[in-house]
Amino acid sequence: MLQDLLSERLSFGAVLASSITGHLQSGALRLIAVYTDKRHPSFPDVPTLKESGVPVVQASFGGVLVPAKTPDEVVARLESSCREAVASPKYQAWARGANQVVDFQPGKDFERQVREDSRLKAATLARLGLATP
């Protein structure tokens, strides 16, 4: 989609802000709204979709996953290491430079977020008649 936006085969698209920073800085693309519930700290002058009259909030997120049978002590160590890494000044500086908003969540909270996101997307697909049996 990014290449189609840059070549003007598409008039608009939805991409991660962190993937288009250079194109925004060069003027090749213009950010007109963000999907989050509040303005992005790297783009404080860009309104949210909700502020623009579209009642949509769809924040992107990612996380570290392990196989379901991973021992609890391994999971706990990974979670602790991730928490430490995310809190480090070096990681925070990298995240700001990449226009990433970092919100560390413990595994149980992240699992809840993934499940809720899946539920909302399934409901949207069903409403659009696109759900699979």
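Modeller: Let's start with tryptophan 94, which counts as partly exposed because its relative accessibility is 49%; the scale runs from buried (under 20% relative accessible area) through partly exposed to exposed (over 50%), with a 1.4 Å probe and protein chains only. Keep in mind that this is a predicted model, where local features need pLDDT of at least 70 and side-chain atom pairs count only at pLDDT 80 or more, while totals for chains, interfaces and linings use all residues. Residues are numbered from 1 along each chain as its sequence is written, and side-chain values use heavy atoms, leaving out hydrogens and water.

So what does the ring of tryptophan 94 pair with? The count of aromatic pairs comes to one, the rule being ring centres within 6.5 Å for Phe, Tyr and Trp (its six-membered ring), with planes under 30 degrees apart called stacked, over 60 edge-to-face and the rest tilted. The partner is tyrosine 91: the two ring centres are 5.5 Å apart and the planes sit at 40°, so this one is tilted. Both residues belong to helix 4 (residues 89–97), and because they are three residues apart there, about one helical turn separates them. Helices here are DSSP runs of H or I with at least four residues, strands are runs of E with at least two, and the numbering starts at the N terminus. As background, an α-helix has 3.6 residues a turn, so residues three or four places apart point the same way. Tyrosine 91 is partly exposed as well, given its relative accessible area of 30%.

Alanine 95 is also in helix 4, but it counts as buried because its relative accessibility is 1%. Leaving aside residues up to four places away in sequence, alanine 95 touches Gln100 and Val102, where contact means heavy atoms within 4.5 Å.

Now on to helix 5 (residues 107–127), where arginine 112 and aspartate 109 lie three residues apart, about one turn of the helix. Their side chains form a salt bridge at 2.4 Å, N to O; the rule is a side-chain nitrogen of Lys or Arg within 4 Å of a carboxyl oxygen of Asp or Glu. Arginine 112 is exposed because its relative accessible area is 53%, whereas aspartate 109, at 31% relative accessibility, counts as partly exposed. Helix 5 has 21 residues and spans 30 Å from first C-alpha to last, close to the 30 Å expected at 1.5 Å a residue (1.5 Å times one less than the number of residues). Just after helix 5 comes glycine 129, with a positive phi of about 75°.

The structure holds seven salt bridges. One of them joins arginine 9 to aspartate 4 at 2.7 Å, N to O; arginine 9 counts as exposed at 61% relative accessibility, and aspartate 4 as partly exposed at 28%. Arginine 39 and glutamate 51 meet in another, at 3.0 Å, N to O. That pair links distant parts of the chain, 12 residues apart, with both residues in the loop between helix 2 and helix 3. Arginine 39 is partly exposed at 35% relative accessibility, and glutamate 51 is partly exposed at 48%.

Threonine 48 sits in that loop too, but counts as buried because its relative accessibility is 4%. Past residues up to four places away in sequence, its contacts are Ala33, Val34, Thr36, Asp37, Lys38 and Arg39.

Finally, there's a nonpolar patch on the surface made of Val64, Val66, Val74, Val75 and Leu78, with about 350 Å² of accessible area together. Patch members have over 30% relative accessible area and no salt bridge; like charges are joined within 9 Å and nonpolar side chains (Val, Leu, Ile, Met, Phe, Trp, Tyr) within 5 Å. Areas come from the Shrake-Rupley method with a 1.4 Å probe, and for residues only the protein chains shown count as cover. Valine 66 lies in the loop between helix 2 (21–26) and helix 3 (72–87) and is partly exposed at 36% relative accessibility. Valine 75, in helix 3, is partly exposed with a relative accessible area of 31% and touches Val66 and Thr70, again not counting residues up to four places away. The C-alpha atoms of valine 75 and glycine 107 are 8.6 Å apart, across 32 residues of chain.
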